[in-house]
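Hi there,

Here is the structure I promised to pass on to you. Have a look at it first, and then read my notes below.

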Amino acid sequence: MTRNTWHMARDADTLTLARHLPARFDVVARADLSGDAGLSLGRLAHQVRQDVWRGLQRVRGFSPVVRVTRAAHGVTIEAGGRLAAPRAAGGAEAALSDILTNPANRARWMTQAAKSQAAKGHSARGRKGRAV
């Protein structure tokens with residue numbers, strides 16, 4: 001397996017992103033995002049995963065898992081992951097909660113997930129916006 005291998009499991013309204021299968025949440029935090037139902041769940045999950053990794057990369061044996069689910073209010077995010085030694089979690093859930101409730105993170109995630117969907121609608125245009 002290469003370092004850039006991420007597994008995406010999809011069903012009707014849920015996407016789970018994990019490095020290792022089966023995806024396992026030894027630590028987890030949840031948050032709700034209100035917003036457009038047209039967001040790219042894959043892009044949103046990757047954005048959340050990047051911030052979760054930045055915040056918890058020093059936790060020995062940590063492997064991020066992110067699950068995003070479309071809901072009536074917008075999107076529910078579950079972020080956390082697998083720990084090689086669950087006792088090493090020490091403040092990991094508090095750190096996850098801080099990451100998920102940070103207004104700057106949430107705004108960036110929504111922007112990036114919306115941009116990804118907007119780009120799909122303009123695939124017939126060149127890099128500068130000109131028709132190809």
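A word on terms to begin with: helices (H or I, at least four residues) and strands (E, at least two) are DSSP runs, numbered from the N terminus. Please keep in mind that this is a predicted model, in which local features need pLDDT of at least 70 and side-chain atom pairs count only at pLDDT 80 or more, while totals for chains, interfaces and linings use all residues. Residues are numbered from 1 along each chain as its sequence is written, and side-chain values use heavy atoms, with hydrogens and water left out.

First, the overall layout. The chain has three helices and five strands, and along the sequence they follow the pattern β-β-β-α-β-β-α-α. If we take contacts (heavy atoms within 4.5 Å) with a separation of 6 or more, residues 24 or more positions apart account for 66% of them.

Next, the sheet. Two strands pair if DSSP finds at least two bridges between them. The five strands form an open sheet in the order 1-2-4-5-3, with antiparallel pairing. Strand 1 (7-10) and strand 3 are the edge strands, each pairing on one side only. On average, neighbouring strands of this sheet are turned by 15° against each other, direction ignored. Strands 1 and 2 run antiparallel and are joined by four bridges; arginine 10, for instance, has leucine 15 in strand 2 as its bridge partner.

Two helices lie across these strands. For the angles, axes are lines fitted to C-alpha atoms, for helices over the stretch in contact, and angles run from 0 to 180 degrees between N-to-C directions. Helix 1 (residues 41-56) lies across strand 1, strand 2, strand 3, strand 4 (62-71) and strand 5 (74-83), and runs at about 145° to strand 4. Helix 2 (residues 92-101) lies across strand 3 and strand 5, at about 15° to strand 3.

Now try zooming in on a few residues. Threonine 16 is in strand 2 (residues 14-18). Why does threonine 16 count as buried? Because its relative accessibility is 10%. Leaving out residues up to four places away in sequence, threonine 16 touches His7, Met8, Ala9, Ala23, Val65, Val66 and Arg67. Its side chain also makes a polar contact of 3.0 Å with the side chain of arginine 67. (A polar contact is a pair of N or O atoms within 3.5 Å; within protein, one must be able to donate a hydrogen and the other to accept it, and residues adjacent in sequence count only if both atoms are side-chain atoms.)

In the loop between strand 2 and strand 3 (27-34) you will find proline 22. A cis peptide bond joins leucine 21 to proline 22, with omega about -5°. Most peptide bonds are trans.

Alanine 31 is in strand 3, and it counts as buried because its relative accessibility is 9%. Its contacts beyond four places in sequence are Val75, Thr76, Ile77, Leu100 and Arg106.

Finally, confidence. pLDDT is the predictor's confidence in each residue, from 0 to 100. The chain has a mean pLDDT of 85, and 80% of its residues reach 70 or more. Among the elements, strand 2 has the highest mean (97) and helix 3 (residues 103-121) the lowest (81). Over residues 122-127, pLDDT stays under 50. Where pLDDT is low, the predicted coordinates should not be read in detail.

Best wishes

Technical notes:
Buried < 20%, exposed > 50% of the residue type's maximum accessible area, 1.4 Å probe, protein only.
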